[in-house]
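Morning, everyone. I will go through one model, its domain interface and then its sheet.

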Amino acid sequence: MTDYILYAYFRSSCSARLRIILNLKNISYDHIPINLLKDEQLSAEHKALNPSASVPLLVSKRSPDEGFKIGQSVAALEYLEEVHPEVPTLPAKSDAKSRATVRVLCEIIAADTQPVTNLRIMRRVRALGGSAEEWNKELMGEGLKAYEAVVKDSAGKYSVGDTVTMADACLMPAVWNAQRFGVDLAEFPTISKVVKNLSEHPAVLKADYFSQPDCPEELRKK
């Protein structure tokens, strides 16, 4: 019996955030693929579950929250932290400044960077005659520049100290996306150090885009 259902797409950075934290906390879940390229997120069936017509969607199978749905990734991260505190992804409650820093870093990615570079925005940029690839490269670079400016004062092994936090779960998929669009990570030395450490973490390796069950065979890691 698993704890959750995760509706996700293999190359969705928001979905990967949740996979990283679910893996880190050793929480079991069933995976239901939603293919964004086929517009499955726009189906009436999916919209009935998640009115935002997006992924990820986390659905609890645990009593007393069975059937409870969370259709926004950061809200889901916060929920998992409250319901499964055994492996913390926020600093101790006594360290309000570090907790706030984690949340600032999450929002730099989740509020400032990812929404303006996602698939629906790329489609609109192309419809207006622009280059979605150049658009994404520029805005992803700006987002990482802001992250670097904050994280240089908080990083240890990871973004805030030496423990993986929600911030790292947001950062790593954002970096995967930035690399895809040709952003030079050499401009961000602290991020590069953190990413090197994250790249070796089992929870991150398991959450990798190209290790997911819905990843096309030609892209799958061998």
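A salt bridge here is a side-chain nitrogen of Lys or Arg within 4 Å of a carboxyl oxygen of Asp or Glu. This is a predicted model, so local features need pLDDT of at least 70 and side-chain atom pairs count only at pLDDT 80 or more, while totals for chains, interfaces and linings use all residues. Residues are numbered from 1 along each chain as its sequence is written, and side-chain values use heavy atoms, with hydrogens and water left out.

The domain assignment, where bounds come from an automatic or database source, gives domain 1 as 4-88 and domain 2 as 96-206. Their C-alpha centres are 20 Å apart. With contact meaning heavy atoms within 4.5 Å, 21 residues of domain 1 touch 23 residues of domain 2.

How much area do domain 1 and domain 2 bury between them? About 1800 Å², with 62% of it on carbon and sulfur atoms. Buried area is the accessible area (1.4 Å probe) that two parts lose on being put together, summed over both. In domain 1, the residues that lose the most area to domain 2 are Arg17, Ile20 and Asn23, together 30% of what that side buries.

Now the polar part. Two salt bridges are counted between domain 1 and domain 2. Four residue pairs across this interface are in polar contact, both residues at pLDDT 80 or more. A polar contact is a pair of N or O atoms within 3.5 Å; within protein, one must be able to donate a hydrogen and the other to accept it, and residues adjacent in sequence count only if both atoms are side-chain atoms.

Helices (H or I, at least four residues) and strands (E, at least two) are DSSP runs, numbered from the N terminus. On the side of domain 1 that touches domain 2, α1 (13-24) and α3 (73-83) each supply at least two residues. The largest share of that side, eight residues, comes from α1.

Strands count as paired if DSSP finds at least two bridges between them. Four strands form an open sheet in the order β2-β1-β3-β4, with mixed pairing. β2 (29-33) and β4 (69-70) are at the edges with a single partner strand each, so one side of each has no neighbour in the sheet. β1, residues 4-8, pairs with β2 in the parallel sense over five bridges.
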